[in-house]
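Open the model in your viewer and keep the selection panel at hand.

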Amino acid sequence: TNIPYIIKSKLYYLFDIYLYSAITYLRTYLKELVISVDNNIIQSLMRILDCYIEPYKIIEGRNPPTDVMISDLVISIDSLFIFALIWSIGALLTEDSRKLFDNFLRKEMYINKFPYLFPND
């Protein structure tokens with residue numbers, strides 16, 4: 001996909017930090033309402049992200065995203081990624097597993113110095 005390099009690099013970083021550990025945690029500790037496979041989870045996450053990233057894609061015949069647009073996405077991509085991660089994995093889980101996943105993700109975000117932590121319960 002033709003998106004600005006700075007966005008790609010942030011997404012690669014977020015995938016490396018959060019996605020693989022979340023899937024490992026899912027497969028090890030959590031119970032699903034519906035059995036899933038890893039590639040479908042990743043595809044769901046990408047579809048959610050794509051809804052937000054589409055206006056920033058560099059497409060022939062369309063004006064490229066402005067510096068202000070890119071700056072706005074750079075600021076919000078972390079939160080959008082976490083949103084997509086929660087819905088792609090969390091939606092599969094039983095209620096008890098959702099609580100475990102919530103705790104896991106909060107810890108991961110804290111450990112990795114995520115810029116926008118969730119408020120305490």
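A contact here means heavy atoms within 4.5 Å. Start with the whole chain, a predicted model. Among its contacts between residues at least 6 apart in sequence, 71% join residues at least 24 apart.

Switch to cartoon. You get four helices and zero strands. From the N terminus on, the order reads α-α-α-α.

Now color by pLDDT. The chain averages 93, and 99% of the residues score at least 70. Select residues 67–90: this is helix α3, with the lowest mean pLDDT among the elements, 94. Then select residues 95–111, helix α4, where the mean is the highest at 96.

The accessible area comes to about 7800 Å², and carbon and sulfur atoms hold 58% of it. Of the 121 residues, 36% count as buried.

Next stop: the second largest pocket. Which residues line the second largest pocket? Select Ile86, Trp87, Gly90, Ala91, Arg98, Phe101, Asp102, Leu105 and Phe118. Helices α3 and α4 are the elements that give two or more residues to this lining. The largest share, four residues, comes from α4.

Color the lining by class. Six residues are nonpolar, one is polar and two are charged. How much space lies in the second largest pocket? About 160 Å³.

How values were computed:
Residues are numbered from 1 along each chain as its sequence is written. This is a predicted model: local features need pLDDT of at least 70, side-chain atom pairs count only at pLDDT 80 or more; totals for chains, interfaces and linings use all residues. Side-chain values use heavy atoms; hydrogens and water are left out. pLDDT is the predictor's confidence in each residue, from 0 to 100. On a 1 Å grid over the protein atoms alone, a cavity is a set of points where a 1.4 Å probe fits but cannot get out, and a pocket is an open set with protein on both sides within 12 Å along at least five of seven lines; lining residues have an atom within 4 Å of a point. Grid points are joined across faces, edges and corners, and a volume is the space filled by probe spheres set on the points. Ala, Val, Leu, Ile, Met, Phe, Trp, Tyr, Cys and Pro count as nonpolar, Asp, Glu, Lys and Arg as charged, and the others, Gly among them, as polar. Buried means under 20% relative accessible area, exposed over 50%, partly exposed in between (1.4 Å probe, protein chains only). Accessible areas come from the Shrake-Rupley method with a 1.4 Å probe; for residues, only the protein chains shown count as cover.
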